[in-house]
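Student: Hi! Could you walk me through a structure I have never looked at before?
Tutor: Happy to, here it is.

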Amino acid sequence: MKKLKYLCLFLFIYLIAFVPVVSEGSEIDLGWSVPEYFADNKGAENEKKFLIWVFSIGNTIDKAISVSVATILLTDTNKYYEAKYIPEIAEKVSEDGEKYLSSDKMKGEYGPGVTRKCVAVFEDIDPNAKKINIFMTGLSHFFFWRSRTSEYSYKITYKRSGSKWRLVDHGFSKDRSHINYVDKFKGTPPDTSYWP
């Protein structure tokens, strides 16, 4: 009886160790720019400063996928900022006449090969911040084959160098410090007629 237990244990370990787990590639293509400062009404008394960050999400497979992304910025001074959309700024920073969407309008169904670009505008970022983390929720189920009980967020970290930001690190993170702000910063439901 003891030999049978050991044989079963050996076979179980053998199967786990030598049977490959097949995992499909990523269903989405996530791209982003380095955040840049943008001044509205520069030099005027009512000048406003913004930090703008452009990102894109694309469907890389032959079937439709549903994306439910939220974008939050956290400074090293422990201040949270929601991604806003200001049409005038979006027009000025959009390339080749392409209209960038808001973070809210990045949510929804993406047909095969569809890519959408977004401009996230963060207002009045703490001038003392030397490091920022941008969290994107709602992406992790596209990247991992295994199921899990907690949702990971994609975290992109930048450090300030003078008046510029440089990429320090990016990847999925177990850091859940921003989760309470996801619901607080939820926008209005997306306008589906706006989607490409």
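Predicted model: local features only at pLDDT ≥ 70, side-chain atom pairs only at ≥ 80, totals over all residues.

Student: OK, how many salt bridges does the structure hold?
Tutor: There are five. A salt bridge here is a side-chain nitrogen of Lys or Arg within 4 Å of a carboxyl oxygen of Asp or Glu.

Student: Which residue does Lys48 meet in a salt bridge?
Tutor: Lys48 pairs with Glu123, at 3.7 Å from N to O. Lys48 lies in strand 3 (residues 48–59) and Glu123 in strand 8 (residues 115–123), so this pair ties together parts that are 75 residues apart in sequence. Strands (E, at least two residues) and helices (H or I, at least four) are DSSP runs, numbered from the N terminus.

Student: And what else forms a salt bridge with Glu123?
Tutor: Lys84 does, with the closest N and O atoms 3.1 Å apart. That links distant parts of the chain, as Lys84 sits in the loop between strand 6 (80–82) and helix 2 (87–93), 39 residues from Glu123.

Student: Is Lys84 buried, exposed or partly exposed, and what about Lys48?
Tutor: Lys84 is partly exposed, with a relative accessible area of 35%, and Lys48 is partly exposed too, at 42%. Buried means under 20% relative accessible area, exposed over 50%, and partly exposed in between, using a 1.4 Å probe and protein chains only.

Student: What about Lys107, which residue is its salt-bridge partner?
Tutor: Asp104, with the closest N and O atoms 3.5 Å apart. Lys107 counts as buried, at 17% relative accessibility.

Student: New topic: how many residues does the largest nonpolar core have?
Tutor: It has 29, and those with the most contacts inside it are Trp53, Ile57, Phe122, Met136 and Leu139. A nonpolar core is a set of buried Ala, Val, Leu, Ile, Met, Phe, Trp, Tyr and Cys residues joined through side-chain atoms within 4.5 Å.

Student: Which element gives the largest share of this core?
Tutor: Strand 3, with four residues. Ten of the twelve residues of strand 3 are buried, so this strand is largely enclosed by the rest of the structure.

Student: What lies apart from that core?
Tutor: Another core, of eleven residues, including Phe38, Ile89, Ala90 and Val121.

Student: Back to strand 3, how does it run with strand 1?
Tutor: Strand 1 and strand 3 run antiparallel, joined by five bridges. Trp32 has Phe55 in strand 3 as its bridge partner. Two strands pair if DSSP finds at least two bridges between them.

Student: How many bridges join strand 3 to strand 8?
Tutor: Nine, and these two run antiparallel.

Student: Last one: in what order do the five strands of the open sheet come?
Tutor: The order is 6-5-9-10-11, with antiparallel pairing. Strand 6 and strand 11 (164–173) are the edge strands, each pairing on one side only. Strand 5 (residues 70–75) pairs with strand 6 over three bridges, and Leu74 stands opposite Tyr80 in strand 6.

How values were computed
Residues numbered from 1 in each chain as written. Heavy atoms only, no water.
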